[in-house]
Amino acid sequence: WRIVASSRSLAAYRVTFTSALLATAFNGATGLLLAWVLTRYTFPGRRILDALVDLPFALPTAVAGLVLVTLFSNTGWYGQVLDPLGIKVNYTQLGIIVAMTFTSIPFVVRTVQPVLEETQVDLEEAAATLGATRLQTFTRIIWPAILPAFMAGCVLSFARSLGEFGAVVFIAGNLPGLTEIVSLLIFIRLDEYNYEGAAALAFVLLLAAFITLLITNALQAWQVRYMDRSR
């Protein structure tokens, strides 16, 4: 308990969990939009965009971290635009959020996309003929059908963000209390041969992952029951 509740550990929890929550919120909105575009529109480059969604799965996380550091440096593609605005990404918590977002967004897209593909378009057309607006059609027909999958995708995205290490370690700067995540603190304790400390911190992440798994299973069971009732 002394190790788990130390000030450095609490700071690492705060940075890790808040960054994962913010990354999940962004992934929820962006992932839903991407899934919608990929399933409902046909345009040049659609297959390329669909393939790019899976890039974080294929790219080693350490390589992703190096690429992100380069892109958001003062002379990078994005950094040279953000730096004059006073927005610094590298070696800040914002950089941690960016890295977590990049590595976990496919979970939302790939979870919602199949459900959107199975949603019957004729239901939307029927709603339109009855005078429903696009917003009403989405909120009353589409959203209830995809909500369980959307929530499951967000939970998986959150779990993936909690355990991220390779992409974050390069862009975070690893400042204790500011940009140090739990995964890195575990690695530091192992490097110090403090196996008890590493095990205690790992148990916290293990417990968080177990709770996340329970939530995911509950959402999947809810989705199955909902689909059975709708049929």
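**Notes on the core, the pocket and a helix pair**

1. Leaving out residues up to four places away in sequence, Ile 96 touches Val 15, Ser 19, Val 168, Ile 171, Ala 172, Thr 179 and Ile 181. Please bear in mind that this is a predicted model.

2. Ile 96 also belongs to the largest nonpolar core, which has 23 residues. Ile 96, Ala 99, Met 100, Val 168, Ile 171 and Ile 181 are the residues with the most contacts inside this core. Helices α1, α4, α6, α8 (134-162) and α9 (166-172) each supply at least two of its residues, and the largest share, five residues, comes from α9. As general background, nonpolar side chains in soluble globular proteins tend to be buried together.

3. There is also a second, separate core, made up of 15 residues. Among them are Leu 38, Val 108, Leu 116 and Cys 154.

4. Is Ser 161 buried or exposed? This residue is found in helix α8. Ser 161 counts as buried because its relative accessible area is 0%, and the cut-off for buried is under 20%. Its contacts, leaving aside neighbours within four places in sequence, are with Ala 20, Ala 23, Met 100 and Ser 104. One of these, Met 100, was listed above for its contacts inside the largest nonpolar core.

5. The largest pocket holds about 620 Å³ of space. Its lining consists of 22 residues, and those nearest the centre are Leu 68, Tyr 78, Thr 101, Phe 102 and Ile 105. By class, the lining has 20 nonpolar residues, two polar residues and no charged ones.

6. Which helix gives the largest share of the lining of the largest pocket? That helix is α6, with six residues. At least two lining residues each come from α1, α2 (46-53), α3 (55-58), α4 (61-71) and α6 (93-118).

7. Two packed helices are described by the angle between their axes and the distance between the axes. For helix α1 (residues 7-40) and helix α10 (residues 182-191), the angle is about 145° and the axes lie 8 Å apart. On the α1 side, the residues that meet α10 are Arg 8, Ser 9, Ala 12, Tyr 13 and Thr 16. Their partners in α10 are Val 182, Leu 185, Ile 188 and Arg 189. Sorted by class, this contact comprises five nonpolar, two polar and two charged residues.

Terms used:
Residues numbered from 1 in each chain as written. Predicted model: local features only at pLDDT ≥ 70, side-chain atom pairs only at ≥ 80, totals over all residues. Heavy atoms only, no water. Axes fitted to C-alpha atoms, helices over the stretch in contact; angles between N-to-C directions. Helix = DSSP H or I, 4+ residues; strand = E, 2+ residues; numbered from the N terminus. Contact = heavy atoms within 4.5 Å. Nonpolar A, V, L, I, M, F, W, Y, C, P; charged D, E, K, R; others polar. 1 Å grid on protein atoms, 1.4 Å probe; cavity = no way out; pocket = protein on both sides within 12 Å on 5 of 7 lines; lining within 4 Å. Points joined across faces, edges and corners; volume = space filled by probe spheres on them. Core = buried A, V, L, I, M, F, W, Y, C linked by side-chain atoms within 4.5 Å. Buried < 20%, exposed > 50% of the residue type's maximum accessible area, 1.4 Å probe, protein only.
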